[in-house]
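This report examines a helical packing arrangement and the charged pairs that accompany it. Please consult the sequence and the coordinates shown here.

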Amino acid sequence: MGSDDRFLAQLREVFRAEAAEHVQGLVQGLMALEAPAAGVDVRAIRDEIYRLAHSLKGSARAVDRPDIEGICQALESVLAAWRRGVLAAAPEAFDVLLRAVDAVGRRVEDAESDVDLSALSREMLGLLAGAAPAPPAPAAAQGDSAQPE
């Protein structure tokens, strides 16, 4: 094994540990958005899970994991649509996103896992194709609404 191969193997070990943390943060954030408690800063949670998806995508690219990079791109696209108010955070969207994040976690742990990330990516992008716009937030509570936007 050459020095480049050893280096990539070391990076992938670090990636697995960091990706597991990102996946856990994504699950926690999505669950917090799905049923937000009173006074929760929904915008901050949305921004955090977007950042986690973006970081995971970049890390996957760095360790040559296009399977994970691709599904993270789809996840990031849906989260960006939520942030812009182009897509409503509907229950079926949470189901798809949580299944996708779970699949990423399984693929991170086992690169040979038979989970179909491409199908989940298409399913997430399908949410965008049939995007229902998010309802406008009340003017007084746009920054800290307890409802997903």
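Is Glu 13 buried, partly exposed or exposed? Glu 13 is partly exposed, with a relative accessible area of 47%; buried means under 20% relative accessible area, exposed over 50%, and partly exposed in between (1.4 Å probe, protein chains only).

The model is predicted, with local features requiring pLDDT of at least 70 and side-chain atom pairs pLDDT 80 or more, whereas totals for chains, interfaces and linings use all residues. Residues are numbered from 1 along each chain as its sequence is written, and side-chain values use heavy atoms, leaving out hydrogens and water.

**Salt bridges**

A salt bridge is a side-chain nitrogen of Lys or Arg within 4 Å of a carboxyl oxygen of Asp or Glu. By this rule the count comes to 10 salt bridges, among them the following.

| Pair | Closest N to O distance |
|---|---|
| Glu 13 and Arg 16 | 2.0 Å |
| Asp 47 and Arg 83 | 3.0 Å |

Glu 13 and Arg 16 both lie in helix 1, three residues apart, about one turn of the helix. Helices are DSSP runs (H or I, at least four residues), numbered from the N terminus. Asp 47 forms its salt bridge with Arg 83. Because Asp 47 lies in helix 2 and Arg 83 in helix 3, this pair ties together parts that are 36 residues apart in sequence. Their C-alpha atoms are 7.5 Å apart in space. Asp 47 is partly exposed at 30% relative accessible area, and Arg 83 is likewise partly exposed at 36%.

Arg 107 is buried, at 11% relative accessible area, while Asp 67 is partly exposed at 23%. Arg 65 joins Asp 67 and Arg 107 in a network of salt bridges.

Helix 5 (residues 117-129) has Leu 117, Leu 120, Ser 121, Met 124 and Leu 127 buried. These buried residues fall within an arc of 110 degrees seen down the helix axis, so they line one face of the helix; the arc is that of the directions from the axis to the C-beta atoms. Arg 122 and Ala 129, on the other side, are exposed.

The largest nonpolar core has 40 residues, and Leu 56, Ile 68, Trp 82 and Met 124 have the most contacts inside it. Such a core is a set of buried Ala, Val, Leu, Ile, Met, Phe, Trp, Tyr and Cys residues joined through side-chain atoms within 4.5 Å.

Methods: Helices (H or I, at least four residues) and strands (E, at least two) are DSSP runs, numbered from the N terminus.
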